[in-house]
Amino acid sequence: MRSARAMKLLLFLSALLGLAWALQDFHPEQVEGPWHTIKLGATDKTVIEEGGAYLCFMTGITLLQNGDLNVTYFHRKDGKCVKEYYIAEKTGSPGRFTFEYQGKNYLTFVLVTNDVTIMDLENQNDRGTLIVAELHGRSLSAGKHGLEAYRKHTSRRGIEQGNIVDLLEYRPHLCDP
Ligand SMILES: *[C@@H]1O[C@H](CO)[C@@H](O)[C@H](O)[C@H]1NC(C)=O
């Protein structure tokens with residue numbers, strides 16, 4: 001009885017902190033190496049449409065000596081694919097990183113397996129909060145292993161199904177590394 005109540009309190013507190021879904025057991029070596037972006041979803045769809053700031057195709061992650069991550073990706077700019085990178089700085093919470101890009105961004109790993117990873121990006125600037133959820137696969141076909149977890153995560157983050165783009169479908173017209 002008492003421990004059930006304690007558990008409820010714990011769940012309530014972690015929900016309050018908004019990170020109940022964050023990965024509890026994160027090993028940065030697991031996310032190193034090449035990736036392909038399979039799906040992007042956002043609370044504001046315009047950011048993941050042509051010309052949007054978050055229409056990105058992640059190509060790889062390198063772990064730096066200090067524990068930060070170097071994330072490389074292709075971004076659509078003026079109708080072309082441009083290779084860029086950002087340095088995600090580690091925070092006190094495992095699997096949670098931060099970087100500046102149109103405001104402050106929190107990058108949280110939600111799922112990491114041998115095949116897929118789900119990344120949650122929360123951007124905060126003077127216009128409010130934007131959430132972008134990304135599904136990446138080790139190969140283009142591996143992404144299917146993450147679809148159910150991705151659907152769950154986008155729904156708990158308030159991202160509607162209509163606000164999700166399948167990059168596999170329009171990759172041939174965009175960046176095809
Ligand atoms: C991050 O990766 C890019 C692309 O490979 C490279 O040009 C850049 O120097 C790297 N930055 C750091 C700090 O390692």
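Residues are numbered from 1 along each chain as its sequence is written. Because the model is predicted, local features need pLDDT of at least 70 and side-chain atom pairs count only at pLDDT 80 or more, while totals for chains, interfaces and linings use all residues; side-chain values use heavy atoms, without hydrogens and water.

**Whole chain.** Start with a cartoon view. The protein chain has three helices and ten strands (DSSP runs numbered from the N terminus: helices are H or I with at least four residues, strands E with at least two). From the N terminus, the order is α-β-β-β-β-β-β-β-β-β-α-β-α. Of the 177 residues, 44% count as buried (buried is under 20% relative accessible area, exposed over 50%, partly exposed in between; 1.4 Å probe, protein chains only).

**Select F26 and F109.** The whole structure holds six aromatic pairs (rings of Phe, Tyr and Trp, the last by its six-membered ring, with centres within 6.5 Å; planes under 30 degrees apart are stacked, over 60 edge-to-face, the rest tilted). F26 and F109 make a stacked one, 5.0 Å centre to centre with 25 degrees between the planes. F26 is in the loop between helix 1 (2-17) and strand 1 (33-34) and F109 is in strand 7 (residues 104-112), so this pair ties together parts 83 residues apart in sequence. F26 counts as buried at 10% relative accessibility; F109 counts as buried at 0%.

**Now Y54 and Y101.** This pair is edge-to-face: 5.4 Å between centres, 80 degrees between planes. Y54 lies in the loop between strand 2 (36-42) and strand 3 (56-63), and Y101 in the loop between strand 6 (96-100) and strand 7, so parts 47 residues apart in sequence are tied together. Y54 is buried at 4% relative accessible area. Y101 is partly exposed at 21%.

Ring pairs link F26, F97 and F109 into a cluster.

**Go to W35 and R138.** The charged end of R138 sits over the W35 ring, 3.7 Å from its centre (NZ of Lys or CZ of Arg within 6 Å of the ring centre and within 35 degrees of the ring normal).

**Finish at D68.** Find D68 in the loop between strand 3 and strand 4 (69-77). D68 is buried yet has no salt bridge (a side-chain nitrogen of Lys or Arg within 4 Å of a carboxyl oxygen of Asp or Glu). The nearest side chain of opposite charge, K90, is 5.4 Å away (Lys and Arg count as positive, Asp and Glu as negative; His and the chain ends are not counted).
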